[in-house]
Amino acid sequence: MRPIPEIVATQKSFFRSQKTKDVSDRISLLKAFKVEIIANEEAILNALHQDFRKSGFEAYLSEFGLVISQLNLAIKNLKQWTKPQRIPASLLTFPSKDFIYKEPYGTVLIIAPWNYPFLLALEPLIMAIAAGNTVVLKPSELTKQTSKIITQIIKNVFEESQAISIEGGVETSTALLAEKWDYIFFTGSTKVGKIVAEAAAKHLTPVTLELGGKSPCIIDNTVNLKLVARRLIWGKLLNGGQTCIAPDYIIVKTEIKERLIIALKTEIIKRYGENPETSPDFPRIINQKNTKRLAALLESEKIVYGGVIKEEDCYVSPTLIDNPSLSSPIMQEEIFGPILPIIPYQNQEDIEHIIWNLDKPLSLYVFSENKTFIKSVLDKFSFGGGVINDTLIHFGNDKLPFGGVGASGIGNYHGEYGFYAFSNLKPIVKRGLWFDPTFRYAPYQSKLKLLKKVFKYFG
Ligand code: NAD
């Protein structure tokens with residue numbers, strides 16, 4: 001592979017040649033990309049299984065299917081999205097025709113995580129290409145098989161000057177971040193997000209940071225516990241709990257805590273059997289390092305279910321923790337595994353105390369039949385996005401923007417918002433040369449009174 005600075009220079013020069021600007025060419029490229037991905041479906045699902053034993057169903061639902069749907073959406077709507085948007089003239093621009101142009105940023109860097117390695121590498125890439133950028137993608141080093149196939153698929157469709165996948169770990173990432181980009185789109189941990197933000201700040205490069213955090217799930221005493229347990233366990237154990245928006249911990253009304261624990265245990269057994277290790281549907285932790293990290297989080301906690309760890313197999317069983325201290329490690333960092341702490345609350349102040357002690361979360365879930373309670377939670381707490389009476393599914397509507405706030409991220413994407421994430425909105429006012437009222441020009445003498453009137457009535 002050529003040195004990184006050379007690749008970036010080639011992409012910048014390709015962008016300046018204006019070859020990425022033709023919308024029909026972009027659509028053709030996206031169509032070719034779709035054909036290539038579909039031709040590799042089996043290999044992609046196999047790679048995901050090899051990387052962390054992700055089942056075919058989950059791989060299709062949460063990665064392959066979503067990538068294809070984003071491609072379909074972009075192919076279908078790109079002509080509309082890219083059209084300059086006509087905006088009414090204002091008092092100060094009249095007479096004029098006003099527009100918002102959607103301009104590609106230029107050469108963009110996308111850094112992807114390992115937990116949805118196919119989706120989170122390719123969805124941003126699709127939207128970056130749709131918006132007319134050139135792309136350097138760095139997929140995760142932890143999902144080697146998936147990253148390898150991503151690199152190959154991109155190579156089969158794109159010229160290096162338009163899109164390339166560069167595999168590698170921290171050194172590669174660091175070398176890439178040393179370059180001057182027109183945009184950086186990063187998905188990963190808050191810790192690395194800060195490193196990316198610092199590198200971007202050196203050149204004042206705009207960024208999207210899709211980060212993580214501790215997403216709470218609040219349950220009051222008005223709910224059907226069996227249904228809550230079903231939706232909660234699905235959201236928690238999908239991808240083995242390694243989902244950025246997985247419910248990280250539960251805050252439950254004290255009087256139903258014990259019944260909730262029973263309902264959660266029953267649900268885990270119903271879905272994955274008495275021994276989830278043998279279930280083909282339960283994925284592994286990504287590597288031994290993370291397995292050890294999760295094992296350490298369990299130390300000195302009260303385990304009321306599960307707690308089985310097999311380091312050599314990267315297996316952590318679905319685990320329930322009763323009432324951990326807020327200062328314990330399990331309540332200080334994002335868990336990112338199949339472990340669910342359950343904290344009781346008596347009143348609103350207890351909930352505030354827990355949530356306001358932590359950074360703003362990426363998601364928040366509330367299970368309740370009480371509209372006043374739901375409204376108070378939605379109004380009071382700041383978080384990236386959420387669901388009432390279910391988990392994760394806000395991710396599934398690409399008409400909703402997806403992103404964090406504060407420590408859980410900057411910016412958002414999905415569907416058309418993804419196209420906008422990679423586009424600079426350029427306002428253009430078009431005027432003719434035939435008419436030029438002289439009111440704004442000096443001398444201003446005696447014009448101030450009229451100006452005030454104009455603002456009063458039309459401003
Ligand atoms: P990570 O931050 O460790 O790594 C993400 C990427 O950054 C990888 O490509 C990695 O090679 C690179 N990287 C790692 N260390 C680096 C460094 N020091 N300098 C430069 N680059 C570096 O994250 P991860 O473990 O791959 O993914 C898990 C995290 O991502 C969780 O915190 C999760 O919540 C978050 N996440 C967020 C979203 C979202 O959409 N908001 C989606 C998935 C995952």
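This briefing covers the pockets, salt bridges and a surface patch of the structure above. The structure is a predicted model, in which local features need pLDDT of at least 70, side-chain atom pairs count only at pLDDT 80 or more, and totals for chains, interfaces and linings use all residues. Residues are numbered from 1 along each chain as its sequence is written, and side-chain values use heavy atoms, with hydrogens and water left out.

**Largest pocket**

- The largest pocket holds about 1400 Å³ of space.
- Of its 47 lining residues, the closest to the centre are Gly188, Ser189, Thr190, Lys191 and Val192.
- Two or more lining residues come from each of helix H7 (170-177), strand E6 (183-187), helix H8 (190-202) and helix H11 (288-298).
- H8 gives the largest share, six residues.
- A pocket is an open set of points on a 1 Å grid over the protein atoms alone, with protein on both sides within 12 Å along at least five of seven lines, and lining residues have an atom within 4 Å of a point.
- Helices (H or I, at least four residues) and strands (E, at least two) are DSSP runs, numbered from the N terminus.
- A volume is the space filled by probe spheres set on the points, which are joined across faces, edges and corners.

**Salt bridges**

- The model has 19 salt bridges, each a side-chain nitrogen of Lys or Arg within 4 Å of a carboxyl oxygen of Asp or Glu.
- Arg53 and Asp313 form one of them, at 2.6 Å from N to O.
- This pair links distant parts of the chain, 260 residues apart: Arg53 is in the loop between helix H3 (41-52) and H4, and Asp313 is in the loop between strand E11 (309-310) and strand E12 (315-316).
- Arg53 is partly exposed because its relative accessible area is 35%, and the class runs between buried (under 20%) and exposed (over 50%), with a 1.4 Å probe and protein chains only.
- Glu258 forms a salt bridge with Lys257, with the closest N and O atoms 3.4 Å apart.
- Glu258 is partly exposed at 48%, whereas Lys257 is buried at 11%.

**Surface patch**

- Leu91, Leu92, Phe439, Leu448, Leu450, Leu451, Phe455, Tyr457 and Phe458 form a nonpolar surface patch with about 960 Å² of accessible area together.
- Patch residues have over 30% relative accessible area and no salt bridge, and nonpolar side chains (Val, Leu, Ile, Met, Phe, Trp, Tyr) are joined within 5 Å.

Note on methods: Patch = residues over 30% accessible without salt bridge, like charges linked within 9 Å, V, L, I, M, F, W, Y side chains within 5 Å. Areas by Shrake-Rupley, 256 points an atom, 1.4 Å probe, with all protein chains shown as cover. 1 Å grid on protein atoms, 1.4 Å probe; cavity = no way out; pocket = protein on both sides within 12 Å on 5 of 7 lines; lining within 4 Å.
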